[in-house]
Amino acid sequence: MIKFLLERDTWQEVWDSLSKNKLRSMLTMVGVWWGILLLIGLLGSAKGLENSFNRLFGSFATNSVFVWGQSTSKPFKGFQEGRRVKLTLTDAKLVEENVEGIEFVVPRNQNQSLVVRDFLSGTYSVNGDFPLLDKVQKKKMMFGRFINQSDIEENRKVAVISEDIYKQLFEKDEEMIGQYIKINGMNFTIIGMFENGNVNMGPTSDIHIPFTTFQQIYNQGNQIGWMMLTGKPDADISQIEADAKLILRNLNNIHPEDKRAFGSFNLGKEFAKITGFLIGMQFLTWFVGIATLIAGVFAIGNILLITVKERTKEIGVRRALGATPFEIKRQIVVEAVFITLLAGVFGIITGGWILIGIDSAFGQGDEAVIVNASVSIAVVFIALIILVVLGTLIGLIPAFKATSIKPIDALREE
Amino acid sequence: MLNIKKLHKSYPIGDSSLHVLKGIDLSVDNGEMVAIMGSSGSGKSTLLNIIGMLDEADDGEYILDGVPIKNLTEKKAAIYRNKFLGFIFQSFNLINYKNALDNVALPLYYQGIKRQERQEKALFHLEKVGLKPWAEHLPNELSGGQKQRVAIARALAANPKLLLADEPTGALDTKTSYEIMDFIQSLNDEGKTILIVTHEEDIAHMCKRIVRLTDGVILEDEKVEQVRASQYV
């Protein structure tokens, strides 16, 4: 069979019979071409959407929840309602120790402060952070480094700034590592600069200083602004949120049914919605694409059936000349597979063009909705394999039809 | 070469059946040129189809070149047809999207002969029928006589033991008919065994033996003085 497929004669026969009616062969191919085009176009676009979401959330541990203190809405254990809830480092530590499935707990603090450098100044949010933040919210460092453990232990007055702030406080191409900026009237040495994220999740984070330094200069004591809880990859983030809140209620003497005492934003849940949407879209794409493909392949089968009917006499002649039924069947199946594959390859190529078009129309720049719309080689291969299988199956119908007619009857037909 | 004994064949028509061949006995030797004659419905085409293994007899014996032809699978029949028989049809039955050369080469393709050799052989046979310059032409660019000659070249290509012609001149004018018959006679002179089904007396008399069929039985089987077609050409 392999030898047969490698022979020039085989393809000469296929080419002869397909090219004798070019228009019909083309029309036959339209169905499959369109199916593959849809499949590639839609899958590529879906992938592009997914890529753009991934770019938005890329540097972020998405299996996370933010928790912060608000005001109580119910009196409890002698405390009146309306009491301000302040979370502390101890709370964070206990949550980390007691909630199952937690990977990191990142306590954070934030304040708006006047930042001055020489004659330039601005009000930015200043964050007190642990080195751990870099793990859950990856900073793309352009220069220098992020806060490390020594900075924390020694309460160093160092700052990591964003590209934006650099642009506002520094001249273009000016060296910034080792330079000083004044935060809250105190000099901080710049140790690093990071690239702006595409999206600022949660509160903006423009300047990062060591958590302990933050405690000192703003006189925060043990209090934290909020904590970010990151679950292990397979952990249920909603459960983590509920468990953490339960512990925090106990620690802070809050009524079990007080829903307003803590604010939270469950990024994991939001992200799951988007992921679910993307998965749904991909499923839909496959469904539509494959269904169209099947319809296209059936059209090919149908046309081949008509062709076989028209070629009854030719088939009779071939059989009179010594073609075995197997040779006839093989020929027709090869024709079916060939025409299916040819249409498929055209579809893949034109689908690729469409993706290139989509990319140049919607895929440029930072705000692009569709990023790198593409399909993987694996998908192309799967599509081709499906085509070969379907082409073979559908080719069998006219093939058996062709040999079910006796050569004598085929010849008699005028 | 060919031995047929008590051959029967009937076709079902609705509930009843039509008995077409009612016990045919026929034997043809090597190098014979036999005309099978009869009016339409006499069973001559059916007989030729059975000899050509395109159809199978209900009953009786058929031995071709020492090989009993019985209960053939489609595959075996195809191989035998390819090896033993060359067909010439009334309507030529050339494949219209293949040029003359490829048409002639088709039986060789099914013999599994390599392309190069096939082309050479096909060209040789085309030259033999005098159509070498037309090798690249499609059938619809050829005249009726030329088409039939391509068909003859095709029938000869596989070097068959027996040439079967079903009304080979039926679609041709008289002059062309004689040209074709002249060529067929020359093949017979070279030793080919040839069976021709015809209803034209003049064509039949260009053979060496005439078998007359009426209502499914052989009425007459006589050797005749061969009329050379070349005198009319």
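Which residues in helix 4 of chain A meet which residues in helix 9 of chain A? To find out, select Asp91(A), Leu94(A), Val95(A) and Asn98(A) in helix 4, then Ala244(A), Ile247(A), Leu248(A) and Leu251(A) in helix 9; these are the residues that meet. Two residues are in contact if their C-beta atoms, placed from the backbone, lie within 7 Å. By class, this helix contact has six nonpolar residues, one polar and one charged. Here Ala, Val, Leu, Ile, Met, Phe, Trp, Tyr, Cys and Pro count as nonpolar, Asp, Glu, Lys and Arg as charged, and the others, Gly among them, as polar.

A note before going on: this is a predicted model, in which local features need pLDDT of at least 70, side-chain atom pairs count only at pLDDT 80 or more, and totals for chains, interfaces and linings use all residues. Residues are numbered from 1 along each chain as its sequence is written, while chains are lettered from A and ligands numbered from 1 in the order in which they are written.

Now show the whole of both helices, residues 89-98 and 237-251 of chain A. Helices (H or I, at least four residues) and strands (E, at least two) are DSSP runs, numbered from the N terminus. The two helices pack at an angle of about 135°, with axes 10 Å apart.

Next, select the side of chain A that touches chain B. The contact takes 19 residues from chain A and 20 residues from chain B. Color helix 2 (8-19), helix 11 (312-320), helix 12 (325-362) and helix 14 (407-412) of chain A: each supplies at least two residues of this side. Helix 11 of chain A gives the largest share, five residues. The side of chain A that touches chain B has nine nonpolar, two polar and eight charged residues.

Move to chain B, which has seven helices and ten strands. Select the open sheet of four strands, in the order 2-1-4-5, with antiparallel pairing. Two strands pair if DSSP finds at least two bridges between them. Strand 2 (16-28) and strand 5 (67-68) of chain B stand at the edges, each with a single partner strand, so one side of each has no neighbour in the sheet.

Zoom in on strand 4 (residues 59-64) of chain B, which pairs with strand 5 of chain B in the antiparallel sense over two bridges. Pick Val67(B) in strand 5: Val67(B) is the bridge partner of Leu64(B).

Terms used. Axes fitted to C-alpha atoms, helices over the stretch in contact; angles between N-to-C directions.
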